[in-house]
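Please keep the sequence and the coordinates at hand.

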Amino acid sequence: MGTVTLGVSIAVPEPYGSFLQERRAGFGDPAALGIPTHVTLLPPTEVDSAALPAIQDHLAEVAAASHAFPMRLEGTDSFRPLSPVVFVKIVEGADGCAALQERVRALHGPCARELQFPYHPHVTVAHGIDEESMDRAQAELKDFEASWSIDGFALYEQGADGVWRLEREFPFGAVEGPATPPGVPRQVNLSRPPAPSL
């Protein structure tokens with residue numbers, strides 16, 4: 001059946017998701033329009049297609065046992081020089097993301113894998129572009145802020161064209177805390193026009 005490349009992430013909802021995606025493209029990141037704005041739980045991972053049902057069952061179990069938690073983004077930082085990445089910082093919700101990704105990557109589960117770097121939840125806004133453009137991304141988004149309630153995560157598959165497409169959403173089953181505000185849908189349409197500036 002071959003292999004597929006999967007990723008698991010928390011989508012940054014609208015209007016923030018499209019806004020940051022369009023800004024990332026504007027900084028010259030060629031991959032921007034093929035990557036929904038997100039917080040990674042499982043980085044790109046190649047698996048046998050036959051493993052997909054077990055992976056989806058595992059993710060559904062993780063989601064069913066998880067609780068909603070608040071997320072707040074504020075300001076920018078960079079992994080340079082270790083890695084050519086500029087990102088928006090998570091100032092609330094990082095612990096929830098860390099716990100969630102540990103359960104997704106459980107040692108004896110179908111998504112078990114080693115990470116290249118220690119887990120540090122973030123929202124990438126520039127990756128692998130020239131230093132001047134990364135400096136601009138870090139400076140121009142330094143005042144960015146956003147907040148919402150995390151109530152689930154999603155499985156994505158990378159196509160042969162390099163575009164990441166939503167395969168399935170996994171809502172949390174143990175709902176506690178504030179619900180996601182109405183009018184803030186998940187980001188799923190990569191072809192929508194740019195969102196207005198915040």
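Does Glu-92 count as buried, partly exposed or exposed? In this predicted model, Glu-92 has a relative accessibility of 35% and therefore counts as partly exposed, since that class lies between the limits of 20% and 50%. Its salt-bridge partner is Arg-72, with a distance of 3.8 Å from N to O. Arg-72 is likewise assigned to the partly exposed class, at 32% relative accessibility. Arg-72 belongs to strand E3 (residues 69-78), whereas Glu-92 belongs to strand E4 (residues 85-92), so this contact ties together parts that are 20 residues apart in sequence.

Over the whole structure, the search returns 9 salt bridges. Another of them links the side chains of Arg-136 and Glu-140, at 3.5 Å from N to O. Both residues lie in helix H4 (residues 131-140); because they are 4 residues apart there, about one helical turn separates them. The relative accessible area is 36% for Arg-136, which is partly exposed, and 39% for Glu-140, which is also partly exposed. Through salt bridges with shared partners, Arg-23, Arg-136 and Glu-140 are joined into one network.

A further salt bridge is formed by Lys-142 and Asp-143, whose closest N and O atoms are 3.4 Å apart. Asp-143 is exposed, because its relative accessible area of 61% exceeds the limit of 50%.

Attention now turns to the sheet. Four strands form an open sheet in the order E2-E1-E7-E8, and their pairing is antiparallel. At the edges are strand E2 (38-48) and strand E8 (164-171), each of which pairs on one side only. From one strand to the next, the twist averages 25°. Within this sheet, strand E1 (residues 3-11) and E2 run antiparallel and are joined by 8 bridges. In this pairing, Val-8 stands opposite Leu-42 in E2.

Which helices lie across these strands? Helix H2 (residues 52-64) lies across E1, E2, strand E7 (152-158) and E8, and runs at about 45° to E8. Helix H3 (residues 94-104) lies across E1, E2 and E7, running at about 10° to E2.

Note on methods. Residues are numbered from 1 along each chain as its sequence is written. This is a predicted model: local features need pLDDT of at least 70, side-chain atom pairs count only at pLDDT 80 or more; totals for chains, interfaces and linings use all residues. Side-chain values use heavy atoms; hydrogens and water are left out. A salt bridge is a side-chain nitrogen of Lys or Arg within 4 Å of a carboxyl oxygen of Asp or Glu. Helices (H or I, at least four residues) and strands (E, at least two) are DSSP runs, numbered from the N terminus. Buried means under 20% relative accessible area, exposed over 50%, partly exposed in between (1.4 Å probe, protein chains only). Two strands pair if DSSP finds at least two bridges between them. Axes are lines fitted to C-alpha atoms, for helices over the stretch in contact, and angles run from 0 to 180 degrees between N-to-C directions. Contact means heavy atoms within 4.5 Å.
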